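Visitor: Can you walk me through this one? I'd like the sheets first, then the domains.

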Amino acid sequence: MLTELLTGWIATQRWFAGKGRPIDELSIESSTQLAADDPILAHLIISVRQGDRVTRYQLLLGLRDEIPDRLRHAMIGRTEWGGRDRYAFDAAHDAGLTRWLLTGMDVNLTVDPLAFHRVPGVEIDTTPRSLVMTAEQSNTSIVYGDKYILKQFRALIPGVNPELEIVTALAAQGSSHVAKPYGWIETTLDGEPTTLAIMQEFLSNSSEGWAMALTSVRDLYAQPRDVSAADAGGDFAAEARRLGTATAQVHRDLARAFPTAVIEPPEVKRMTERFRRRLDRAIAEVPQLDAHAEVAHAAYDRLADIDRPVAVQRVHGDYHLGQVMRTAADWVVLDFEGEPGQPLAERRALDSPLRDVAGMLRSIEYAARHLLADHPDAASLVSRAQEWSARNRAAFLAGYTEAGGNITGADAVLLHALKLSKAVYEVVYEARNRPTWLPIPLAAFQE
């Protein structure tokens, strides 16, 4: 039976959000057949109940009478379909079947309850072969040749995904800092249009910000001690400055494309109290943080004293060096869906753009220090890490302010509090997942 096969298979998938908890029930909420011949292609929405939590997932299900060796790694098992036994597999890995998605978007196809959409004014080449990227955790990305990348959202939350909403809005404004959108796929869940996938330009000749930063850090660590970060061959500061400029321009365009607002001082104080509660919970879990609590509370006290409104708008929400790509022309920002584990309403909520700034500053600090975790000369390299981090954070902020981002007075107070709140989150994450990295976020409280 297919549901029994899926129950065993889904628990082993990287994108399954319920690892470590038993599956009480799995049901197929909807099944839409897209291709009827051998191989068959069907789109499934699967409902998984674990205790009192129910999560929906989507699956492109392929079915073949015989399965070739190239698809055995994606096989789910044998099941009855259409009156006979067939091999079932994850069709995201079948280049012959995934081309069907390109065709559907190109012609704005509707196969109820699925709707395929092409962004107005673009053309879609339906001929490139596809390949699944293996690095992703919570979604599945399918690359078509060197042209497109389609992100298939695995866990489904009713509503329009923020990434589709933001990327199409920024592209319509002519922003050069987003990958060009080409199309998307949607359905209806609980009465709401719900994004299943979005396809954008594939930035084939580009470099990830995190990889570029780490190369710079390694170059510095390999230099003699009397060579400064500015004189090392792989200095990242010019790129950090350009990234700051690009970040400010994206924030400006977001403020133009979506509503903006302000939060008054009473709400700022409530934000401060949320930060304090997070700090208390973190200390209870990671006692090493208690020695730094006074630093955090001092920053939160200054934030609570702000007596003017704080501007809020749509933001990225999960901004770090792994979310930006350097193309030949400029920096491009990816993954505007926010933190996938958070409720959709929270990811779409207005926030201070300084939250993104704080996230990137923390990411720069991580790039400087994470290579020290297992380095035999870590103690002697700490000052070099501090130098690299300070130089590149200053460059990023310089680019951000030159392009119109405000970080003066109360803004600086808010930014500092946001950085420390982010570091509190990182302390808990590292204690749970990478204990040897715990000194990285703890160092944020010593500056």
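**Sheets and domain contact**

Guide: Seven strands make an open sheet in the order β6-β7-β12-β13-β10-β9-β8, with antiparallel pairing. Strands here are DSSP runs of E with at least two residues, numbered from the N terminus, and two strands pair if DSSP finds at least two bridges between them.

Visitor: Which strands stand at the edges?

Guide: β6 (110-111) and β8 (130-132); each has a single partner strand, so one side of each is left without a neighbour in the sheet.

Visitor: How many bridges join β10 to β13?

Guide: Five, and β10 runs antiparallel to β13 (residues 192-201). L150 has M199 in β13 as its bridge partner.

Visitor: Before I go on, what is the model, and how are things counted?

Guide: It is a predicted model, where local features need pLDDT of at least 70, side-chain atom pairs count only at pLDDT 80 or more, and totals for chains, interfaces and linings use all residues. Residues are numbered from 1 along each chain as its sequence is written, and side-chain values use heavy atoms, with hydrogens and water left out.

Visitor: OK, domains. Where are the bounds?

Guide: Domain 1 covers 1-204 and domain 2 covers 207-444; the bounds come from an automatic or database domain assignment. Their C-alpha centres lie 32 Å apart. The contact (heavy atoms within 4.5 Å) takes 23 residues from domain 1 and 25 residues from domain 2.

Visitor: How much area do domain 1 and domain 2 bury?

Guide: About 1900 Å² between them, 61% of it on carbon and sulfur atoms. Buried area is the accessible area (1.4 Å probe) that two parts lose on being put together, summed over both. In domain 1, the residues that lose the most area to domain 2 are I166, H177 and L203, together 33% of what that side buries.

Visitor: How many salt bridges are there between domain 1 and domain 2?

Guide: Four, where a salt bridge is a side-chain nitrogen of Lys or Arg within 4 Å of a carboxyl oxygen of Asp or Glu. K151 forms a salt bridge with E337, with the closest N and O atoms 3.2 Å apart.

Visitor: And which elements give two or more residues to the domain 1 side?

Guide: β10 (148-153) and α3 (162-172); helices are DSSP runs of H or I with at least four residues. The largest share, seven residues, comes from α3.
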